[in-house]
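Student: I would like to learn how to read the features of a model like this one. Please show me the structure.

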Amino acid sequence: MAWRSSGTSNAALIANLAENGLIKSDRVRKAMLNVDRAHYAPELPYQDSPQSIGMSATISAPHMHASASESLLPFLHPDSKVLDVGSGSGYLTHVLANLIEPDGKVIGVDHIQGLVDLANRNMGKGAEGKELLTSGRVQFIKADGRKGWPEGGPYDAIHVGAAAIEAHGSLVEQLKAPGRMFIPVGDRFSQYIWVIDRKDDGSIEKRKSYGVMYVPLTDAPKE
């Protein structure tokens, strides 16, 4: 049903995602409704498809953002700490911040300074986004996302927005107990979403979900 969810406005897009069962909870619906995708997608912002944002990066389709948010939702509380690896445009970072109001914090990590700058500019287009940045509730950092950002951890939830060759142990280690990671894993020919939970006792549970196609989580280009 994903391809049927495009709309002519942000409200229409979110309504269609909900009607088609891609948004299941009222919390996710409200969080996405309060972030105008036009601030983050350069063209056709309300189309339910991935789009290029430059620098060999994309903004994922809205239905994927909804799926990630729904998956991580049980671990998103008013004071949660969240890591968004491959934060790109900053759109999902903003949605995640809405889901952990009022005291939670999201750290967005990207390996290209241009994308870090882009995310900051995009989030600064609206009053709510500006407040998230100035309050420190959202922070964008240039770093190798495969290594996470241990300085800000451990995290209640980790979202990875690019396909990793493996579920990097350094990311799993940065999960709280309990905590959850949503990560696409595979090469350019075969990728699947994996949901990785760290249980209360510290044990790890991995579940292979559905097939996807993401840009790869790679080294930064040489400067």
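Tutor: We take strands, a helix and nonpolar cores in turn. This is a predicted model, where local features need pLDDT of at least 70, side-chain atom pairs count only at pLDDT 80 or more, and totals for chains, interfaces and linings use all residues. Residues are numbered from 1 along each chain as its sequence is written, and side-chain values use heavy atoms, with hydrogens and water left out.

Student: Which way do strand 7 and strand 8 run?

Tutor: Strands pair if DSSP finds at least two bridges between them. Strand 7 runs antiparallel to strand 8 (191–198), with 8 bridges. They form a hairpin with 4 residues between them. Strand 6 (155–160) runs parallel to strand 7, with 4 bridges. F182 partners H159 and also V195.

Student: Which residues have the most contacts inside the largest nonpolar core?

Tutor: Nonpolar side chains tend to be buried together in soluble globular proteins. A core joins buried Ala, Val, Leu, Ile, Met, Phe, Trp, Tyr and Cys through side-chain atoms within 4.5 Å. The largest has 44 residues, with M32, L76 and V95 making the most contacts inside it. Helix 4 gives the most, 6 residues.

How values were computed:
Helices (H or I, at least four residues) and strands (E, at least two) are DSSP runs, numbered from the N terminus. Buried means under 20% relative accessible area, exposed over 50%, partly exposed in between (1.4 Å probe, protein chains only).
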